[in-house]
Amino acid sequence: ANTIRTLIKQIDNISDEDIKQMSIPTGIPLLYRLDKDLRPVDPKFELEFQYMVEPKGFTWATSHGMGFHGVYLGDLERLQDIQRKRDATNRDWQSIILKNIAKAISKESAGEGKESDGVIETRQLWWQIHTKMQTREFGNMALLSRMKEHLEKLMFQRKQRHLTMPGFESILKKVHLDMEGKVVEPFVSLLCDEDRENRQKRFYDSLVDDLEGECLIK
């Protein structure tokens, strides 16, 4: 995976920070098409309108915004099944992160050498999650974001200042289940992503932008 990640970084000229955020499926063929200058072409419209090639395959939608131009080849149902399993693993991992934050706060509140009473200050829990989400590694974690929103409701609507550990774990379980399946679908068919007129409009708009840029340079 690290070798493929390095190749993608070089081909797409993706930054060191962004490449860390990209999830690359294992065992799925990945296709790039390059132009005459060996630069990757955008499969969403250049294949169809500039190169007159039918855009078969699937893009990794959540990484396209980072400059990813690859196309995954394979059965869509298989790709989606892989994503569902990855989604479950990611939510489990994020639950562990939230539990560790809560346990650390509870232990710190008890003081050194003393046993925790299992009570957490709601505001402190919100602040620790908020602080963790300021880093790129944790900023896009859906469970952390939902837990933060839930704590805000507790603080500002219900004026709840404290939580017990069982109460926190009950909230976490609910948030975890609510998030099941509610993620951005990463595999997008190039044939169904947008209707053809929209793809064509985007392509022509990009040509206009390129021409205007050349005129400004001259």
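Student: Which residues does Gln-94 touch, not counting residues up to four places away in sequence?

Tutor: Gln-94 touches Met-141, Ala-142, Leu-143 and Leu-144 once those neighbours are set aside. Contact here means heavy atoms within 4.5 Å. The model is predicted, with local features needing pLDDT of at least 70 and side-chain atom pairs pLDDT 80 or more, while totals for chains, interfaces and linings use all residues. Residues are numbered from 1 along each chain as its sequence is written, and side-chain values use heavy atoms, leaving out hydrogens and water.

Student: Why is Gln-94 called buried?

Tutor: Its relative accessible area is 9%. Buried means under 20%, exposed over 50%, and partly exposed in between, with a 1.4 Å probe and protein chains only.

Student: How many helices and strands does the chain have, and what makes a run count as one?

Tutor: The protein chain has 10 helices and six strands. Strand E1 covers residues 30-31. Buried residues make up 37% of the chain's 218 residues. Of the contacts with a separation of 6 or more, 67% join residues 24 or more positions apart.

Student: Why is H8 called oblique to H9?

Tutor: The axes of H8 (residues 142-156) and H9 (residues 165-178) cross at roughly 125 degrees and come within 10 Å. That angle makes H8 oblique to H9. The classes are under 35 degrees for roughly parallel, over 145 for roughly antiparallel, 65 to 115 for roughly perpendicular, and oblique for the rest. Axes are fitted to C-alpha atoms over the stretch in contact, and angles between N-to-C directions run from 0 to 180 degrees.

Student: Which residues make the contact of H8 with H9?

Tutor: H8 brings Leu-143, Arg-146, Met-147, His-150 and Leu-154. H9 brings Phe-168, Ile-171, Leu-172, Val-175 and His-176. By class, that is seven nonpolar, two polar and one charged. Nonpolar covers Ala, Val, Leu, Ile, Met, Phe, Trp, Tyr, Cys and Pro; charged covers Asp, Glu, Lys and Arg; the others, Gly among them, are polar.

Student: What makes H6 roughly antiparallel to H8?

Tutor: H6 (residues 122-132) packs on H8 at about 150 degrees, with axes 10 Å apart. The angle is over the 145 cut-off, so H6 is roughly antiparallel to H8. On the H6 side, the contact uses Thr-122, Arg-123, Leu-125, Trp-126, Ile-129 and His-130. On the H8 side are Leu-144, Met-147, Lys-148, Leu-151, Glu-152, Leu-154 and Met-155. The contact divides into eight nonpolar, two polar and three charged residues.

Student: Which residues have the most contacts inside the largest nonpolar core, and what makes it a core?

Tutor: They are Leu-98, Leu-125, Ile-129, Leu-144, Met-147, Leu-151 and Phe-168, in a core of 24 residues. A core is a set of buried Ala, Val, Leu, Ile, Met, Phe, Trp, Tyr and Cys residues joined through side-chain atoms within 4.5 Å. H5 (76-110), H6, H8 and H9 each give two or more residues to this core. H8 gives the most, with six. Apart from this core lies another, of 11 residues, among them Ile-14, Tyr-32, Tyr-72 and Ile-82.

Student: What does Leu-144 touch, not counting residues up to four places away in sequence?

Tutor: Leu-144 touches Gln-94, Ile-97, Leu-98, Ile-129, Met-133 and Phe-138.

Student: Why are Leu-31 and Lys-99 called partly exposed?

Tutor: Leu-31 has 27% relative accessibility, and Lys-99 has 35%. Both values lie between the two cut-offs, so both residues are partly exposed. Leu-31 touches Gly-70, Val-71 and Leu-73, leaving aside residues up to four places away in sequence. Lys-99, in H5, is in contact with Phe-168 and Leu-172 beyond its neighbours within four places.

Student: What is the phi of Asn-13 and of Lys-159?

Tutor: Asn-13 has a positive phi of about 55 degrees although it is not a glycine. Lys-159 likewise has a positive phi of about 55 degrees and is not a glycine. Most residues other than glycine have a negative phi. Asn-13 sits in the loop between H1 (2-12) and H2 (16-21). Lys-159 is in the loop between H8 and strand E5 (162-164).

Student: How do you know that Asn-13 and Lys-159 are buried or exposed?

Tutor: Asn-13 has a relative accessible area of 69%, and Lys-159 has 61%.

Key:
Helices (H or I, at least four residues) and strands (E, at least two) are DSSP runs, numbered from the N terminus.
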